Amino acid sequence: MKLGELQQHARHYINGRWETGVTTGISENPSDTREVVAEYARADRSQAELAIRAAAEALPHWSHSAPQRRADVLDQIGSELLARKDELGALLAREEGKTLPEAVGEVARAGQIFKFFAGEALRIPGETMASVRPGVQVDVTREPVGVVGLIAPWNFPFAIPAWKIAPALAYGNTVVFKPAESVPACGWALAEIISRSTLPAGVFNLVMGSGREVGQAFVDSPLVNALSFTGSVATGERILQSAAARRAKVQLEMGGKNPLVVLADADLEQAVECALQGSYFSTGQRCTASSRLIVEAPMHDAFVARLRQRLAALKVGHALERGTEMGPVADRSQLDQNQAYLEIARNEGAEHVWGGELLERPTPGHYMSPALFLARPEHRIAREEVFGPIACVLRADDYEHALALANDTPFGLCAGICTTSLKHAMHFKRHAEVGMTMVNLPTAGVDFHVPFGGRKGSSYGPREQGRYAAEFYTTVKTGYMLA
Ligand code: NAD
């Protein structure tokens with residue numbers, strides 16, 4: 001099957017069948033907005049409810065399926081993603097706008113995630129405990145949580161769905177999955193692979209469309225036992241309220257305003273490289289992006305000067321063009337939001353160091369240059385998530401001040417430090433109020449086999465990925481037996 005033909009007609013996958021939508025939408029290439037990447041089916045609420053019912057009907061059988069069966073299915077999906085990473089990476093680069101090497105890397109990661117959870121399906125843990133009563137045996141076993149509703153954002157359209165779908169299936173749940181509206185071809189391509197993996201009808205369902213109709217149908221349905229959401233804080237909070245009202249299990253991964261602390265004893269080149277990669281790669285559209293660069297005073301001016309030099313040389317262009325280091329912004333509304341934040345930064349008195357202009361390229365796209373400001377902690381650009389290629393530098397008097405600035409945020413996803421001091425690195429790892437820390441590494445760029453998630457306003461519920469994913473995708477049962 002050729003992807004080029006099929007992506008023109010991305011349809012829903014409901015109860016083992018490909019279905020047309022109630023309406024049709026399109027996705028376009030942010031590197032060349034003349035190009036339509038996909039025409040896709042859009043569901044309304046009742047079509048989403050059909051998919052939910054199919055998942056509920058498939059649950060009794062799948063939840064008791066043999067772990068080996070689940071392992072084989074996940075392994076097969078992972079192998080195909082890995083084998084087709086170049087082709088699917090090109091689709092991802094076309095639809096979302098990240099550079100081709102970034103996109104190919106993401107598809108490969110999605111493949112590795114499926115393979116990891118293929119193994120986990122065979123390692124579902126349990127415990128046997130001594131009872132406090134004589135003659136009684138106690139065990140604790142894990143069971144699937146039920147029908148899970150998976151709602152994904154646009155910025156990692158293969159990896160994020162993979163790290164939700166793979167553990168959901170590994171632990172015996174059935175799935176209704178909704179990709180973000182701007183990346184339906186990626187969601188569909190993943191579903192197309194899953195559809196050929198011999199899963200029983202209804203175990204996995206893809207429904208495309210708006211968050212307000214399809215997503216909200218997942219959130220409201222009493223048949224959906226658990227909801228895993230990645231996206232914006234505003235949407236996450238709405239989902240939490242509705243889900244809590246009907247006592248559904250919820251996992252939310254939301255925004256970040258991640259600090260990268262650079263101490264005076266850091267290796268300057270290494271620190272600038274961490275900032276460049278962490279703040280601007282993937283066009284800054286990563287929840288783990290380091291949008292606050294907190295630099296100790298003696299290093300401040302040299303760091304800003306060197307980063308400015310690197311930004312000036314950064315190649316911004318078409319995502320598929322060889323040598324492009326930063327692709328376009330993913331869509332028009334995100335570009336408008338970025339531009340609005342540049343205006344806010346200037347109006348609040350942040351000092352402009354570099355970039356932010358709209359760029360003309362041979363193809364019409366959402367191009368802008370990477371932007372850097374010197375800010376104060378109270379500036380909105382230092383407090384609110386922009387989700388674009390925009391970072392600010394905050395000056396710190398010393399390590400303690402830098403740590404206080406790093407923690408002075410409602411978010412708590414990831415925090416990094418560049419230093420040659422083991423003492424400060426260890427102290428920072430312990431005292432950063434986040435879910436993930438990085439030492440002499442960019443804040444973005446994580447492994448797939450360990451927990452991912454944050455604290456404070458960034459996350460809610462159990463962590464994703466690695467074996468910790470079992471906390472969300474299973475429920476425990478305690479069994480007592482008179483021996
Ligand atoms: P978004 O919140 O607008 O949308 C995310 C998903 O939720 C989409 O599929 C959307 O259709 C759906 N949705 C919207 N309204 C809904 C509703 N009422 N009910 C149910 N679903 C609904 O976010 P986005 O613009 O797609 O993604 C960007 C955001 O995602 C950024 O703020 C970023 O920080 C965040 N993000 C977080 C992580 C993380 O792991 N913490 C990872 C990637 C992106």
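Two strands count as paired if DSSP finds at least two bridges between them. Keep that in mind for later. What we have here is a predicted model.

I'll start with the whole chain. The secondary structure of the protein chain comes to 15 helices and 20 strands. Its radius of gyration is 23 Å, close to the 23 Å that the globule rule gives for 483 residues, so the chain is as compact as a globular protein of that length. Along the principal axes, the C-alpha atoms fill a box of roughly 70 × 65 × 40 Å.

Of the 483 residues in the protein chain, 57% are buried. Among contacts with a separation of 6 or more, 73% are between residues 24 or more positions apart. The chain exposes about 19100 Å², and carbon and sulfur atoms supply 53% of that.

On charge, there are 49 positive and 54 negative side chains. The centres of the two sets lie 4 Å apart.

S10 has pairings with S7 and S11. Strand S7, residues 147-151, runs parallel to S10, and four bridges join them. In that pairing, Val 148 stands opposite Ala 226 of S10. Strand S11, residues 249-253, also pairs with S10 in the parallel sense, over five bridges. There, Thr 230 has Glu 253 of S11 as its bridge partner.

How values were computed:
Residues are numbered from 1 along each chain as its sequence is written. This is a predicted model: local features need pLDDT of at least 70, side-chain atom pairs count only at pLDDT 80 or more; totals for chains, interfaces and linings use all residues. Side-chain values use heavy atoms; hydrogens and water are left out. Helices (H or I, at least four residues) and strands (E, at least two) are DSSP runs, numbered from the N terminus. The radius of gyration is taken over C-alpha atoms; the globule rule is 2.2 Å times the number of residues to the power 0.38. Buried means under 20% relative accessible area, exposed over 50%, partly exposed in between (1.4 Å probe, protein chains only). Contact means heavy atoms within 4.5 Å. Accessible areas come from the Shrake-Rupley method with a 1.4 Å probe; for residues, only the protein chains shown count as cover. Lys and Arg count as positive and Asp and Glu as negative; His and the chain ends are not counted. The place of a charge is taken as NZ of Lys, CZ of Arg, CG of Asp or CD of Glu.
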